[in-house]
Amino acid sequence: AVALVLRALRERAPQAVFVLVLASLVFYATWNPLYLVALLATAAVDFHVGKALATATDEGARKRLLATSLVVDLGLLVGVKYFNTVAGLVSKEPPFSIVFAAGISFYTFQSISYVVDVYRRDQAAETSFPRYLAFVSFFPTLLAGPITRAETLLPQLAKPLTPFRDDLASRGLLLIALGLLKKGLIADPLSMNLVNRVFDLPGLYSSTEVLLAIYGYAVQIWADFSGYTDIAIGSALVLGIALKENFDRPYRSADLTEFWRRWHISLSTWLRDYVFFSLPGNRRGSKLPYLNLVITFAIGGLWHGAAWTFLVWGLLHGAGLAFLRLRADRGPRRPAPLPAWRTALGIVATFHFVAFTWIFFRATSVANALDVLRVLFEGTVSFANVPLTAALALVLGLLAQAMPDAPAKKLELRFVSLPSFAQAAVLVLFALALRLAGGTSVAPFIYTSF
């Protein structure tokens, strides 16, 4: 509906921005109208801070402006996201609770990146508040990302949008279809038929069933979140807006560093650019970069929620990356290419490390994670409680990681080049496959809770 209205507006960029803002605010308010308070406060403060930074010359004043933005943004994020957890620790019956605002982690980081870029003079300050509000509240990415930088979205909002442009819209519709297939044919069968059952009551299952559930969650969270990202990027393309890639078959990574170049790319690059690079002592030869990696990923873990499980997950990844950096710093400046067997071994080892850390990410508590680990190492063997649908979804998700670049791109280009009626037929077939093979229950998208 939004794309049709934007198409009717044609060359009228200001009116198109107004439509986007209105659609985004209505969309967000349908979840809960109270969500708009934190969103509008973040956008208003950061827009005016950005304008003030553009004209301020005194470095002290610029730092105070940056601090104002960070205090407001992070104060809202921490207050909305973590107040209930902290209040529950302080008192068994807190006097009040705060409604969790879906998507606040994503739009807060998005708005912070704009202010920091303006402060660093890497980004021109936006002069139009409606355009800035459209950037912060852009509804395809509002609930679960990807975290979009100002340099990507603001220039496109300043120009007339071209909804339903043949090449962009065709690719967008294909991405939406693939995202729905990832969700319906891989993520949900694994979640409903295996992962949730095992993590809820691990003591009822054998070690092999727990191991398959751990593998299953690794595939589930990839299919669920990358599927959501496909839908978000595809929706933006239908509206005439191109966003950057957020996933690139992460389980084919030969080491943990490569994994974070392929997994949730918008968050990993955000943590690198705005946390890691902001910490002191990152020069070569210093020992601080190793600690900074641990700190950065501890923050990345807590970004997901105020829970020990997320902190443990972040610390494990930070420690793994610190170890790899230490090994690289002590090795040759230009290491020789690895033989194929070493690369294959690295892929297997990296997948198992990542899958192991997902235990803490998925578990409801550290005690729950330890229960899963206890059963895992008991050594019992049985596959009686692994449904065929879950096993097939697991295999399909793992095979998708091995899809070569060239054939995947070729299939996409082939679809885009088809006449419209043929594209429609393919999309209808996708819909039928989803309807026939998908389950009757739909699990919530995992990252909409962050």
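I take a helix here as a DSSP run of H or I with at least four residues, numbered from the N terminus. The model I looked at is predicted.

**Entry: overall make-up**

I counted secondary structure and found 19 helices and zero strands in the protein. I then looked up the radius of gyration: the value is 23 Å, close to the 22 Å that the globule rule gives for 450 residues, so the protein is as compact as a globular protein of that length. I checked the extent of the C-alpha trace, which spans about 65 × 60 × 60 Å along its principal axes.

**Entry: burial, contacts and surface**

I looked up burial and got 50% of the 450 residues as buried. I went through contacts with a separation of 6 or more and found that 77% of them join residues 24 or more positions apart. I noted an accessible surface of about 21,500 Å², with 67% of that area on carbon and sulfur atoms.

**Entry: helix α6**

I looked at α6, residues 129-137, and noted that the helix is mostly covered, with seven of its nine residues buried. I listed the buried ones as R131, Y132, L133, A134, F135, V136 and S137. At the start of α6 I found a side-chain oxygen of S128 within 3.3 Å of the backbone nitrogen of R131.

**Entry: backbone exceptions**

I found a cis peptide bond between G145 and P146, with omega at about 5°. I placed P146 in the loop that runs between α7 (139-142) and α8 (150-157).

I noted R249 next, with a positive phi near 40° in a residue other than glycine. I located R249 in the loop between α10 (207-238) and α11 (256-262). Is R249 buried or exposed? I read a relative accessible area of 16% for R249, and the cut-off for buried is under 20%, so R249 counts as buried.

I also noted H264, which is not a glycine and has a positive phi of about 40°. I located H264 in the loop between α11 and α12 (265-274). I looked up the relative accessibility of H264, which is 1%, so H264 counts as buried.

Note on methods: Residues are numbered from 1 along each chain as its sequence is written. This is a predicted model: local features need pLDDT of at least 70, side-chain atom pairs count only at pLDDT 80 or more; totals for chains, interfaces and linings use all residues. Side-chain values use heavy atoms; hydrogens and water are left out. Helices (H or I, at least four residues) and strands (E, at least two) are DSSP runs, numbered from the N terminus. The radius of gyration is taken over C-alpha atoms; the globule rule is 2.2 Å times the number of residues to the power 0.38. Buried means under 20% relative accessible area, exposed over 50%, partly exposed in between (1.4 Å probe, protein chains only). Contact means heavy atoms within 4.5 Å. Accessible areas come from the Shrake-Rupley method with a 1.4 Å probe; for residues, only the protein chains shown count as cover. A polar contact is a pair of N or O atoms within 3.5 Å; within protein, one must be able to donate a hydrogen and the other to accept it, and residues adjacent in sequence count only if both atoms are side-chain atoms.
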